[in-house]
Amino acid sequence: MPAIKNWYKTVYQRLFHLDDRLLLIIAGSIAGICSGLAAVVLRLSLESVLEWLHPFRHYGWAFIFPAVGALLSSFYLEKIAREGAGHGVPEVIYSVSRYGGLLRFRSSYSRLISSFLTIGSGGSAGPEAPVVMSGSAIGSSIAKFLSLNDRQRITLVGCGTAGAIASIFNAPIAGLVFSIEVILGEWKFVNIIPIAIAAVAGAQVSQAIIPERVLFFHQPFQVGFPDVLACLCLAVVTAMISVLFTKVLRQTGKIAKKSAFPLWGRAFIGGCTVGIIGMFMPVVLAEGYSFIQSMISGTFSMGLFLAFVAVFAKIFATAMTLGWGGSGGIFAPCLLIGSLTGIVFHKMLFALFPTVGCASEGAYALLGMTGIISGVMQAPLTGIFLIVEITGGYETILPLIVVSSISSTMSHYIEPASFYFKELIERGQFLRPGTDARILSDLNIRELIETEFVTVSENMVFRKFIELLKTSGQNFFPVIEDGSDEYKGMIQISGIRRYALDPGMYDMIFLNQIMDTEVITASLENDLQEVLDMMDINNMDSIPIVENDQFIGMISKTRVLDLYRRELIVQTSVH
Amino acid sequence: MNYKLLHIFRNTPFGRETFLQSLYFCKTINAFPVVYIPKSDKFLMYFSNDAVQVDLDHSYLTSPDTAQSHAEALFNEMDIKPMFYAPKNFTASSLPDISTNFDYLCCPRSVSDLSSKIGLGHIGPKVRRIIKHATFPILITSPVYKPWESISVFFGGSKNAVTALRLGLKTAMSSGLPLDIYTLMEKKDETFYRELVKNEGLTEPVSQLSRQWYFYKKPDFNTMLYEVPHNSLIVLGAYGHGIIRDILLGSKMEQIQSTVTNNLLITGPHCSISL
Amino acid sequence: MELSVFDLSKHLGVAPNTIERWIRQGKLPVSKKGTNYRFQSNELSKWALRNNINLDLTDKETPEKIQESNIALSDAVQNGGVYCNIKGNDVNSVLKACLEKISEIPDDFKADLLERLIEREKALSTGIGKGIAIPHPREQLSYLKHPMISVCFLDQPVDYKALDNQPVSVLFFIFCPVLKLHLHLLSVLSFCLRDSRFTGFLKSNPDPIALIEKIKILQKANPI
């Protein structure tokens, strides 16, 4: 047994530590395949449940389905999986920023089940964010199994994410771009290859099991110059809708939290509301891929007015589902809202300028989708590539770019933080590599402390202290109590100048009479940001660190600068 | 010295016993306890290679308004300055991140089971995972507060056991209490274990600090357990032999803690102790 | 060459904790030997080069702290010699006469040294009171092998424009190759000269051996 273990260890080390790129590629593709499978499983099960429930939809009491689904989902998440509720994608970003991508294993499957319950029963949410969460957790678990370091684990988390998105939409480039743009936040060469391979792996898995080539089939579009002009307006419209959507989502969430209902009560109410709306407008239910398909093919049956109402109905329904306890993502709702917006816009355009030859409804549906995705997630590249890959064609790329960039810029201007990041930014946890916040969070006080200090007793006569001064280079002397080593105060050379130059004082005073007890101290529990703030507010260049009444050391600004630079260089290093 | 112990406070009479034990431990080895009063029933500990979620059972959230004052009263009873820990970062709104920057962690035998199970000496799976990943020793307290008067190290010869020996020596040094070593000889003889200690450079401290070294042959395991004084702190290493062996054959640690009621100080594979 | 975590932390000027964190985050090229991390110096040099980090892996010899070989006052006086009955009636002639007597200064340098001493007196009198003066040049005399104090007893007291306006009868010449030693000797000498018994003893024109003995006793009492 030990012999086999040794052999395994040597092979493992020789093979993989030579170049960890090979290891990452293999592990990444496994992560991509697994997350691809998870995505496929979720998609297929959702389809089958929706079909199974479909005949019941015209009953009067059918509105209860989403309620029951949301109820079961939140119950499962809280009590059985015991996973703190949360949106999912921000949690992944948080872990990537702070803890090198460490995610709990239970996240690999729990969100799949809970979103299956929510969406399958008709809740207005998308299956993408749960699959992203599962994929990331799978990547993280593989990294744990192989005992990889933070950097490699983050790459694997990215691989899982990319595989998930690639699999759902059969769009590997979109998976790669989403993973790097949203989750990782840095375009590093070492990351791109494994993630790209994982994305392709995920897409292949999905193709193997669900053989359709694109998610949404379409006829080729003719896009002319007037369309490009129209896109400018469309971009503005989508930006507005995106901002509205984001705001409504957050507000409903806040209202739900403040309400007095218990967790399942909220989920039930949210679900009921969605169910009722769904009775009148089935377009708001579930993830709505079939409706999107009909919009792109131009076979959408709603008129201008109804479509217009549907936009807001869907926004509201999604907010009720997600804000009030259901589990799912906002990707698919964004697509639906986007296509509705596009359709409405097209109909209005046609009504206003019936003679101008603009592209068909389906094209505008696509453009609307790009606009909303870019606006809500503020990830313009993801928006462009996703739509291009979904439709399988480049003919709309010029208007796509126009819509995408204008929409994201405008929404960024109005709402500076995207939906995924807002929560993190508010908590101060949005830590992209190479940013000041990240460096300050990585640097630990313990690494900055200088501990080589001579301490003096509080009962020392001043004369003795002067003698000590002659041979010491310190500017600060911590004063401690005899016997217990408790920190009592600080002597700063600048503060005692006037006594030091008056020999008459030398035998007259003890140190505890001239020490400064008001000096602000920090403890090992403070983080660097707090310590720096303390130093700024009190105009100090050095601050003593005291823990449990014991003097530990001092932190000086000059040392912080040295180590800050070191940290920045290492963090942004080319590896 | 500045050794910190993290204690998760349970505001029940049972939790009181556990906390008194932590306080006594800290006082004896000159460390100081920091109390975390849970506001939600779960928390996350991020180690360097794993994120462990600990689900606490509801007894940890009993009467939150009196928890602080109860804890302070117990601090004052043992004449230690009250110190509390408040988590700064949250993975989700009900999921705080608990720092792993401590020197000791105190757990009851199980954090997620009913007190009745604890009485039977069952170690919960979460505690096992924490031990596997922690870089610090875990103190598992006896069900009832019992001041310990000596230290007994279980030295089995594995790498973890050496860490446990170091920890035992360190504890003996800082507490001034007598130290005994107990070894169950599995297929080897006394000289093997003494050689091992010599190779680690620990012969000096062992002869200085330890009172007696008892050797037992394999079938006398239960006799050994009985002969360990009831009021002694047992120090041992856990999970020295690999996952598969643990699953199939169970580990010594499990056997020990289900038979004895002493306080246990356990070192996991990632612990490193310096004298 | 292999380096440990501790070695690297010294070379980079960061705490060992930081190195361990960087290893955990995957930022350093490291290999594991058992439970300890080890670095290869060639890999580290490549890494430092790629990332524009100054990494000097040669073993820096910690500069031996220059022994502050503080010379004792009595030894300095022994080096410089004690001379009596120097004739002269003003500052310059007295300085000239002393210098002629002092054998430890090479003859070629005497003229230059005299100029420097006179210059120094012109700037501020070195008569510190109680009949004692401590003439010395502003710049150090690098040609001297060791520091020395030459004690010269004057035949007759001379008006030295001293601080207390008393005429001066004892001159302590301080000649040093290095500034630090000069300052040290100055400090020790002033300590001794504060003692009124010593200054009284000086007035009695003691012989060299007695003087040096007295100095030895005094310098023992000095806490420096």
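How many helices and strands are there in chain C? The exercises below concern a predicted model.

**Exercise 1. Describe the make-up and overall extent of chain C.**

Solution.
Step 1. Chain C contains 9 helices and 8 strands.
Step 2. For 224 residues the globule rule gives 17 Å, whereas the radius of gyration of chain C is 28 Å, well over that value, so chain C is more spread out than a compact globule.
Step 3. Along the principal axes, the C-alpha atoms of chain C fill a box of roughly 85 × 35 × 30 Å.
Step 4. Chain C is divided into two parts, domain 1 (2-65) and domain 2 (73-221). The centres of these domains, taken over C-alpha atoms, are separated by 56 Å.

**Exercise 2. Classify the packing of helices H2 and H5 of chain A, and state which residues meet.**

Solution.
Step 1. Helix H2 (residues 20-53) and helix H5 (residues 107-120) of chain A pack at an angle of about 25°, and their axes are 10 Å apart.
Step 2. Angles under 35 degrees count as roughly parallel, and H2(A) is therefore roughly parallel to H5(A).
Step 3. The crossing of H2(A) past H5(A) is right-handed.
Step 4. From H2(A), the residues Ala38(A), Leu42(A), Ser45(A), Leu46(A), Val49(A), Leu50(A) and Leu53(A) meet Leu112(A), Ser115(A), Phe116(A), Ile119(A) and Gly120(A) of H5(A).
Step 5. Sorted by class, this contact of H2(A) with H5(A) has 9 nonpolar, 3 polar and no charged residues.

**Exercise 3. Carry out the analysis for helices H4 and H18 of chain A.**

Solution.
Step 1. The angle between helix H4 (residues 89-99) and helix H18 (residues 419-426) of chain A is about 55°, with axes 9 Å apart.
Step 2. This angle makes H4(A) oblique to H18(A).
Step 3. H4(A) passes H18(A) in a crossing that is right-handed.
Step 4. On the H4(A) side, Val89(A), Pro90(A), Ile93(A) and Tyr94(A) take part; they meet Tyr420(A), Phe421(A), Glu423(A) and Leu424(A) in H18(A).
Step 5. The contact of H4(A) with H18(A) comprises 7 nonpolar, no polar and 1 charged residues.

**Exercise 4. Locate Lys218(B) and identify what it touches beyond four places away in sequence.**

Solution.
Step 1. Lys218(B) lies in the loop between strand S11 (210-217) and helix H8 (221-227) of chain B.
Step 2. Leaving out residues up to four places away in sequence, Lys218(B) touches Leu184(B), Met185(B) and Glu186(B).
Step 3. Of these, Met185(B) is 33 residues from Lys218(B) in sequence, yet the C-alpha to C-alpha distance between them is 6.0 Å.

Definitions and conventions
Residues numbered from 1 in each chain as written. Chains lettered and ligands numbered in written order. Predicted model: local features only at pLDDT ≥ 70, side-chain atom pairs only at ≥ 80, totals over all residues. Heavy atoms only, no water. Axes fitted to C-alpha atoms, helices over the stretch in contact; angles between N-to-C directions. Helix = DSSP H or I, 4+ residues; strand = E, 2+ residues; numbered from the N terminus. Parallel < 35°, antiparallel > 145°, perpendicular 65-115°, else oblique. Left-handed = near helix turned anticlockwise from the far one by under 90°. Contact = heavy atoms within 4.5 Å. Nonpolar A, V, L, I, M, F, W, Y, C, P; charged D, E, K, R; others polar. Domains from an automatic or database assignment. Rg over C-alpha atoms; globule rule 2.2 N^0.38 Å.
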